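Subject: Structure for your review, with notes

Dear colleague,

I am handing over the structure that I promised you. Please look through it first, and then read the notes below alongside it.

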Amino acid sequence: MVVKNGTDEIRSILDEMREEYWHALSEVEEAREEEQEFITLTLGGETFAFETGYASEVIRIPRLVKLPRVQDFLTGVFNLRGEITAAIDIRPLLGLSQLPLSPFSRIVVVKSEKFVTGIIAETVEGVRALPLNALEPAVKSLNEKQREYIRGQLNIDGMLIMMLDMAKLLQSPDIVADNNQ
C-alpha cells in the first residue's frame, strides 16, 4: 500500500484544477467562434444586420445632391471627405416600405472590392455579437428577389433579425454600374 504524502496530494489537486481550467477555457473559445460581430440597423421598420467588416463608418445624413435619370434607390450623392459617394436606399430592393427619414436616420458607409457607397438606414442600432449557429432560413413570405439578398434570420430574445448578404448586395447589377457592357 502506497501512502501519499501531503505534497503528492497537493500536486494531484493542482493537476485536476489545471485540467478543469484548460477544459473550461477551450469551451469559452468555442463559444466565441460561433458568434460574429454584426452592425444592426432598421430598414422598412424591420431589423437587419450584416458583418462589420463591410462597414467603415456610420454618419449622419449629409446634404444629398439628387442626380437626374438614375434608378429610384440612388437617393443622391454626397461629399465624404473629398470623395463623391453615392447614397443608396436598399429598401426597394428588399421589397420594404420606404418610411420617412428622421433625425435618427444614418448612412452606413460600406465598402466592396470595387467601390464605396452609403446605405441609408432609418436607424443604426449598433454593433452586436450574434450567434451564427442560430441562423435559420429566411421566412417563406419573402419573394425570390428579396431572398436573394437575405442569408437567413435570427430570433434573438423575441426579436427577428434578418441577415443581409452584403457580398451579393454589393455585386448586384441593380447597384453596380458596369461600364464594360
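The model is a predicted one, in which local features need pLDDT of at least 70 and side-chain atom pairs count only at pLDDT 80 or more, while totals for chains, interfaces and linings use all residues. Residues are numbered from 1 along each chain as its sequence is written, and side-chain values use heavy atoms, with hydrogens and water left out.

Salt bridges

If a salt bridge is taken as a side-chain nitrogen of Lys or Arg within 4 Å of a carboxyl oxygen of Asp or Glu, the count comes to five. One of them joins the side chains of aspartate 15 and arginine 18, with an N to O distance of 2.9 Å. Both residues belong to helix 1 (residues 6-34), where they are three residues apart and thus separated by about one helical turn; helices here are DSSP runs of H or I with at least four residues, and strands are runs of E with at least two, numbered from the N terminus. Aspartate 15 is partly exposed at a relative accessible area of 37%, and arginine 18 is likewise partly exposed at 47%, where buried means under 20% relative accessible area, exposed means over 50%, and partly exposed lies in between (1.4 Å probe, protein chains only).

Another salt bridge is formed by the side chains of arginine 151 and glutamate 51, at 2.3 Å from N to O. Arginine 151 lies in strand 9 (residues 150-156) and glutamate 51 in strand 2 (residues 46-51), so this pair ties together parts that are 100 residues apart in sequence. Arginine 151 is partly exposed, at 31% relative accessibility, whereas glutamate 51 is buried, at 14%.

Glutamate 122 and arginine 91 also meet through their side chains in a salt bridge, with 2.7 Å from N to O. Glutamate 122 is in the loop between strand 7 (116-121) and strand 8 (123-131), and arginine 91 in the loop between strand 5 (83-88) and strand 6 (106-111), so the pair ties together parts that are 31 residues apart in sequence. Glutamate 122 is buried at 7% relative accessibility, and arginine 91 is buried at 4%. Through salt bridges that share partners, Asp89, Arg91 and Glu122 are joined into one network.

Five strands form an open sheet of mixed pairing, in the order 3-6-7-5-4, where two strands count as paired if DSSP finds at least two bridges between them. Strand 3 (55-60) and strand 4 (74-80) stand at the edges with a single partner strand each, so one side of each is left without a neighbour in the sheet. Strand 3 and strand 6 run antiparallel and are joined by five bridges; arginine 60 has arginine 106, in strand 6, as its bridge partner.

Threonine 75 is in strand 4 and is buried, at 18% relative accessibility. Leaving aside residues up to four places away in sequence, threonine 75 touches Leu64, Lys66, Ala87, Ile88, Asp89 and Ile120, contact meaning heavy atoms within 4.5 Å.
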